[in-house]
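Please take a moment to look over the sequence and the model, and then follow the text from one place to the next.

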Amino acid sequence: MSSPLAKKTQSDSLASALKNGGPVIWLSCLVMGLGNIVCGQLVKGILFFAIEAATFYFLLSPGGGLYWISMLPSLGWREQQKVWNEEKFIYEYVAGDQSQLILLYGIASLCIIAVFILVWQASVRSGYQAMCLKKSGSHVPGIVDDIKSLFDVNIHKLLMALPTVCLAIFTILPLIYMMSMAFTNYSKEGDHLVLFDWVGLSNFFAIFDSGSVIGKQFGSVLTWTLVWAFFATFLNFFLGTFMAIIINRPTIRLKGLWRGCLSMTIAVPQFVSLLVIRSMLQPNGIVNRMLMNASLIPADVPLPFLTNATWARILVIVVNLWVGIPYTIMQVTGVLQNIPAEQYESARIDGAGVVKQFRHITLPYMLFVLTPYLITQFTGNINNFNVIYLLTRGEPLSVGNSAGETDLLVTWLYKLSVDQQKYNLAAVIGIFTFIVLAVVSLITYRSTGSYKDEEGFR
């Protein structure tokens with residue numbers, strides 16, 4: 001037996017409206033809002049019609065949406081021309097096509113059409129619902145009733161409207177635009193910055209070809225990115241946990257003082273700390289100078305903190321520990337203080353030592369609570385632009401390579417796009433990073449106990 005909710009959902013569907021709506025609803029498929037106007041919802045009907053009129057005006061006007069969509073297959077071909085003006089006796093420049101604008105406006109127009117289809121569907125369903133209410137003799141809500149419902153039963157629609165619009169404009173549209181670049185030759189190479197063409201999957205083949213120069217760099221950068229993310233995440237977690245447990249012990253005095261001292265790095269802007277550390281560790285920086293003055297290293301052989309690949313990689317991991325451990329201490333301290341003291345008391349009565357208490361009580365509880373945080377940290381470390389770029393600039397850089405030995409995928413993407421203007425290859429790396437992070441994060445999170453059984457840990 002179907003539930004009332006299922007019946008309501010079925011009767012409100014677009015298919016039901018088209019099947020049972022009658023001539024007025026069928027006409028409202030062409031004239032949006034007609035069904036609402038016939039049923040007395042004048043303001044709502046006019047709004048739907050205004051949206052339809054504005055959309056068609058945007059699409060059909062000269063230089064409007066349909067023009068940009070029609071230019072998408074070619075991405076433009078007209079170059080800038082220099083034309084002699086007989087009256088002024090000067091050369092005038094006639095603007096040509098700009099593939100970047102064609103791609104952007106074409107995608108934006110397609111997105112507007114997609115939104116319009118959703119609004120059209122809502123218009124037909126709204127008209128059908130109003131007609132059903134009118135036929136049954138029920139009250140047909142007016143615009144005042146609709147506004148009141150936004151602060152009552154439909155408050156979720158009101159609260160989610162602005163975030164949804166911002167998500168579409170500032171996240172989804174740029175993401176689609178960036179992904180589209182990966183299928184073009186938009187690059188400084190070959191002078192394809194103004195006019196460029198679709199090239200299919202050739203950029204993907206170049207990146208994933210282990211025999212090519214760019215393919216070898218991709219494999220090296222990807223490997224180092226995963227190694228970096230692993231150590232940056234789990235060293236921070238375990239060392240921060242160790243420090244938090246020590247400070248949280250009953251025998252430790254002045255707990256607030258120790259936590260405050262260890263959290264001083266949070267008070268200083270991260271980019272300032274990283275730039276100062278970079279300056280200190282230069283071949284002629286203060287650290288090498290002090291070691292030379294103390295005769296601990298030869299005067300002409302400074303320690304290669306930033307010039308040797310192994311030293312530089314160890315350096316960024318260690319500096320990231322110094323930056324990140326205070327955050328972990330704060331997170332873990334809150335978790336530790338919420339573990340029931342009775343569990344530790346029972347464990348001590350049963351003869352369990354500190355190690356067993358940590359392994360069977362503290363660690364399981366912390367992992368249950370903090371696994372989503374660890375996944376977020378792992379994802380954040382893969383995209384940790386600040387520590388790498390501000391500390392080492394991705395260096396040391398081998399001759400002929402576009403990626404340095406400490407570059408992550410995100411810093412390499414930045415160099416390819418901003419410094420070298422190889423936007424097509426940067427887009428491929430961005431797509432790969434997004435897909436890997438999304439898949440790994442979702443699969444890992446859905447496999448955790450904190451997702452499967454939120455109330456299960458006791």
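Let us begin with Ser99, which touches Leu75, Val194, Leu195 and Phe196 when residues up to four places away in sequence are not counted, where contact means heavy atoms within 4.5 Å. Ser99 is found in helix H7, which covers residues 99–135; helices (H or I, at least four residues) and strands (E, at least two) are DSSP runs, numbered from the N terminus. The model is predicted, and for that reason local features need pLDDT of at least 70 and side-chain atom pairs count only at pLDDT 80 or more, whereas totals for chains, interfaces and linings use all residues. Residues are numbered from 1 along each chain as its sequence is written, and side-chain values use heavy atoms, with hydrogens and water left out.

Ser99 counts as buried because its relative accessibility is 0%; buried means under 20% relative accessible area, exposed means over 50%, and partly exposed lies in between, with a 1.4 Å probe and protein chains only. The side chain of Ser99 also reaches the backbone oxygen of Leu75 at 2.5 Å. This is described as a polar contact, meaning a pair of N or O atoms within 3.5 Å, where within protein one must be able to donate a hydrogen and the other to accept it, and residues adjacent in sequence count only if both atoms are side-chain atoms.

Leu75 itself has its place in the loop between helix H6 (65–71) and strand E1 (81–85), and Leu75 counts as buried because its relative accessibility is 0%. Most residues other than glycine have a negative phi, and most peptide bonds are trans. Gln421, which is not a glycine, has a positive phi of about 55° as well, and Gln421 is found in the loop between H20 and helix H21 (423–446). With a relative accessible area of 25%, Gln421 is partly exposed. A further backbone feature is the peptide bond from Glu395 to Pro396, which is cis, with omega near 5°, and Pro396 lies in the loop between helix H19 (385–392) and helix H20 (409–419).

We now turn to helix H11. Ala229 is found in this helix, H11, and counts as buried because its relative accessibility is 0%. Leaving out residues up to four places away in sequence, Ala229 touches Phe378, Asn381 and Ile382. The side chain of Thr241 reaches the backbone oxygen of Phe237 at 2.6 Å, and, with neighbours within four places in sequence set aside, Thr241 is in contact with Asn236, Thr328, Val332, Phe358 and Met366.

How do H11 and H12 pack, and at what angle? Helix H11 (residues 213–248) and helix H12 (residues 255–262) have their axes 9 Å apart and pack at an angle of about 160°, where axes are lines fitted to C-alpha atoms, for helices over the stretch in contact, and angles run from 0 to 180 degrees between N-to-C directions. H11 is therefore roughly antiparallel to H12, a term for angles over 145 degrees, while angles under 35 count as roughly parallel, 65 to 115 as roughly perpendicular and the rest as oblique. In this packing, Met243, Ile247 and Asn248 in H11 meet Lys255, Trp258, Arg259 and Leu262 in H12.
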